Amino acid sequence: MGWDEIKKARRRLSREQGAIIKDWGGRIPIGLIYPNSYYVGMSSLGIHVIYSRLNNYSNVVCERAFWERDNQIQKIPPLSLESQRPLTDFAVLAFSVTYEVDYLNVIQVLKASGIPLYAAERDDRYPLIIAGGPCITANPLPLSPFFDLLCIGEAEPMLPSMLSILSEGINSKRDELLEALALLPGIYAPQYYSGAPVVRQWVANLDDSPTTSTIITRDTELGDLYLIEVERGCNWGCRFCLVSSAFRPMRFRSIESLIAEAEKGLKYRKRLGLVGPAVADHPQIEELMIKLRQMGAELSMSSLRVKPLSRVVLRELARSGARTISLAPEAGSQRLRQLIKKGISEDDALEAIDKVADLGIKQLKLYFMIGLPSEADEDIEGITRLALSCKGILDRRQSGTRLTLNIAPFVPKAGTPFQWLPMAPLSTLNRRLSLLKKSLPPRGIKLKVESPAWSEIQAVLARGDAKVAEVLANMEDMSLAGWRQAASKCQLDIDFYAHQRWDTNQRLPWAMLDSGRG
Ligand code: SF4
């Protein structure tokens, strides 16, 4: 056990408010793992909520662990933050996985910790290993050989029954415990799978499950914010969107509960981060923001739609000192925006920029996808035209606002209406990116681009099955080269998973999931 690792963990703890340190005696120790850095992980409300929910059980001690770059490079096993113990000391390890590409880190964490990778190879000496998160809810198959249990849906409704079985059976034989857990709604236990549909679980009334920052620290991406979840899900139903399908139905918290949470948060931070995929859709958003401002809060919002875009919401953000506003037209042409069901026109986008130009903010970010189904070069020209029109408005109004375009390749996601459609070939994506690089930066528009090669890995994982798991298991290191070598060794047909249009009659790898939409 490295002293450096212990010192690092203690330093982090000393900079936190809200960490829970419990004695292990007589309790079930659960390690909550975020397979990425502390800096990224502590900005995820999922980690805050599961940590506090689990520690609310008097017979549970839950500690966090992260996977830092140093762990990765030097293959150092991660230690829990609170008591600096190795992961093998825990009875249960619960992974919270937000992004598909973090599957690669999951494998590294298990390997570095000396835990047999395949669930079938683990016996009573090893922790039970569980995972959950939006991408697992959509398709757990690429991780299925490694995990004892995969949670399909939101954690809150699943935790009480899981904890009850664990409390009673923690000293039982592993098989018996897993058999009992496998019967719970929303649990996919690959080794004990009966063949019955696994029904996605979700919280009916969000007010019953407050979701806010529970640990306060500056050492994270959103360290100056106290985060409050305003809503879950999104009703707009854009056809490519995982959030829209994995978090259905859209649910709002009551304004009373949000104000009560804000009162608590303001004791820690002046700035509140309102979180959700479509926060401004809250039916009382203007009233909420005005009240929060009257309480002395500065506000930040995780998402804004091009339309509707309330002037009151923008005004309150500007008065809160918001430096950046992000909007997502997603496609440059009306034809493609209609195809993806974005529900906005070019005029809507320009009207939104006009409103933003009044605010005096420092940066406007516009999000676009390239490689959407049926996209042609003229759709890319549409992105350029729209971006230049936006820049023209900002310049004419002398707003001093910088314009940045974030460009990501379209990746088909399980469970979405576009799940059968292909990702564009890398050569097409690279060519279209170079068109944008030629046309926009010389005119003062900054481009931030997601790598097509890493997006291809994301696509393979998003539509993957147990064959893809074999590639993950064979990866020697976490790099593009490492992925390609393992894919070639396992003879994985990358083209099939990422770039082929799938027949709508073919059985999907995730066909055993029931989205529980009612
Ligand atoms: S508006 Fe955003 S969150 Fe909602 S469905 Fe469309 S892309 Fe997804």
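This dialogue explains how to read several features of a predicted model.

Trainee: What is I325 in contact with, leaving aside its neighbours within four places in sequence?

Mentor: Its partners are L304, L314, L317, V356, L359, I361, Q363, L364 and K365.

Trainee: How is a residue such as K391 to be read: is K391 buried or exposed?

Mentor: A residue counts as buried when its relative accessible area is under 20%. K391, which is placed in helix α15, has a value of 17% and is therefore buried. Not counting residues up to four places away in sequence, K391 touches L403, R443, G444 and I445.

Trainee: Which residues of helix α1 are buried, and where do they fall around the axis?

Mentor: A helix can be viewed down its axis. Helix α1 covers residues 3-14 and reaches 16 Å from its first C-alpha to its last, close to the expected 16 Å. Its buried residues are E5, I6, A9 and L13. Seen down the axis of α1, these fall within an arc of 100 degrees, so they line one face of the helix. On the other side of α1, W3, D4, R11 and S14 are exposed. The cover over the buried residues of α1 includes β2 (60-66) and α4 (69-74).

Trainee: Which features of the backbone deserve attention?

Mentor: Most residues other than glycine have a negative phi, and most peptide bonds are trans. Here the peptide bond from R248 to P249 is cis, with omega near -10 degrees, and P249 is in the loop between α9 and β10. A cis bond also joins K307 and P308, with omega about -5 degrees. As for phi, Q84 has a positive value of about 55 degrees, and Q491 has a positive phi near 55 degrees.

Trainee: Are Q84 and Q491 buried or exposed?

Mentor: Q84 is buried, with a relative accessible area of 6%, whereas Q491 is exposed, at 69%.

Technical notes: Residues are numbered from 1 along each chain as its sequence is written. This is a predicted model: local features need pLDDT of at least 70, side-chain atom pairs count only at pLDDT 80 or more; totals for chains, interfaces and linings use all residues. Side-chain values use heavy atoms; hydrogens and water are left out. Contact means heavy atoms within 4.5 Å. Helices (H or I, at least four residues) and strands (E, at least two) are DSSP runs, numbered from the N terminus. The expected span of a helix is 1.5 Å times one less than its number of residues. Buried means under 20% relative accessible area, exposed over 50%, partly exposed in between (1.4 Å probe, protein chains only). The arc is that of the directions from the helix axis to the C-beta atoms.
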